[in-house]
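Please read the following report alongside the sequence and the coordinates. It takes up backbone features, a metal site and the arrangement of domains in turn.

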Amino acid sequence: MRSVTKDTITDAFVNYCRKTKDPRLKFVLSRLAAHLHEFAKEVELTHEEWLQGMDLLYRAGRISSPERSEFILFSDVLGLSAVVDMVGSGGKRTEYSNLGPFHIADAKWLEPGGDMIGTGDGDHVAFYGRVLDARSGAPVPGAVLDIWQTAANGLYSNQDPAQPEGNLRCRMKTDAGGRYGFTTVRPAPYTVPDDGPVGDLLRATGRHPWRPAHFHFMIKAEGYRPLTTEIFPADDPYIDQDAVFGVRHRLVVDLVPETNPARVPFKMTAASRLKTPFFRVEYDFRI
Ligand SMILES: [Fe+2]
């Protein structure tokens, strides 16, 4: 097209991409361009603002490393990650929530009822429940749960040299009744990294970088779509203002104060180590 105008540029872009073999790529790219063009026209984006945006992306690239993706963080604080999670989930299945940057593959295996308290300080928690088939409600035996969380200081083991390697992480298979359970410590709220361009964006918009405390779960079972999600204690001070929009009401749980380990309806190998009062959490995942 020789003479492109702001009214014809989206069609011109689509025309340029007409030989794209992958129909999904063709569709997604065309719509991305259409929304970007429309966005720039709607807000009447100036050259200075466009340059600021490009500089933000450049700085995001500079500060990113294999351990830190500032681009994912941008996606998180803009709510894009949450929208992607919500588009792909819901209904009878447990909703997706952020994977986050702190998962480590190949965590140690624990038997159902195993102990993650380790040497950790803080409040103790007995966490148990089932993995269920979302359609039939039947238990799913042999489902693999990958679990990770912060210590009481709000840090993950891979951020904190004071924690032993693999602290507060495990993998566990559900038993014949689809049940899982573990003893652990209560996680703490933490801030997303705010020393880069994402931090500048948060400050420029008067936002804080806090996430409410949460337990991370990744659940896989043969014949089911994998589930990555988070479980949030309801009484957290940041429960209604998660910087990365991860909270959904069905993922919020009450931590029930408990003084008697015998009242926990799942056999915990470290029940005698539970420091009373501790908290009880029951949660059934639907996959
Ligand atoms: Fe997290």
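Between which two helices does the loop that holds Glu 44 lie? The loop runs between α2 (23–43) and α3 (47–63), and like everything reported here this placement comes from a predicted model.

## Backbone features

Most residues other than glycine have a negative phi, and most peptide bonds are trans. Glu 44 has a positive phi, near 50°, and with a relative accessibility of 65% this residue counts as exposed. Asp 106, which is not a glycine either, has a positive phi of about 65°; Asp 106 is placed in the loop between α5 (80–87) and β1 (109–110), and its relative accessibility of 64% makes it count as exposed.

A cis peptide bond, with omega at about -5°, joins Thr 276 to Pro 277. Pro 277 belongs to the loop that lies between β12 (256–258) and β13 (278–282).

## The iron site

The iron ion is coordinated by the OH atoms of Tyr 156 and Tyr 190 together with the NE2 atoms of His 214 and His 216, at 1.9 to 2.1 Å. Along the sequence these donor residues follow the spacing Y-x33-Y-x23-H-x1-H. Because Tyr 156 lies in the loop between β4 (144–149) and β5 (169–173), while Tyr 190 lies in strand β7 (residues 190–191), the pair ties together parts that are 34 residues apart in sequence.

The angles among the 4 donor atoms range from 91 to 159°, and the site is irregular; a tetrahedral assignment would require all angles to lie between 85 and 135 degrees. Both tyrosines are buried, since the relative accessible area is 0% for Tyr 156 and 8% for Tyr 190.

## Domains and their interface

The domain assignment divides the protein into domain 1 (9–86) and domain 2 (92–286), whose C-alpha centres lie 32 Å apart. To the contact between them, domain 1 contributes 15 residues and domain 2 contributes 17 residues.

About 1,400 Å² is buried between domain 1 and domain 2, and carbon and sulfur atoms give 64% of that area. On the side of domain 1, Leu 73, Val 77 and Asp 85 supply 38% of the area that this domain buries against domain 2, which is more than any other three residues supply. The interface of the two domains is also crossed by 2 salt bridges. A salt bridge is formed between Asp 200 and Arg 59, with the closest N and O atoms 2.3 Å apart.

Conventions:
Residues numbered from 1 in each chain as written. Predicted model: local features only at pLDDT ≥ 70, side-chain atom pairs only at ≥ 80, totals over all residues. Heavy atoms only, no water. Helix = DSSP H or I, 4+ residues; strand = E, 2+ residues; numbered from the N terminus. Buried < 20%, exposed > 50% of the residue type's maximum accessible area, 1.4 Å probe, protein only. Donors = N, O, S within 2.8 Å, 3.2 Å for Na, K, Ca; no water. Tetrahedral: all angles 85-135°; square planar, octahedral: opposite > 155°, others 65-115°. Domains from an automatic or database assignment. Contact = heavy atoms within 4.5 Å. Buried area = accessible area lost by both parts, 1.4 Å probe. Salt bridge = Lys/Arg side-chain N within 4 Å of Asp/Glu carboxyl O.
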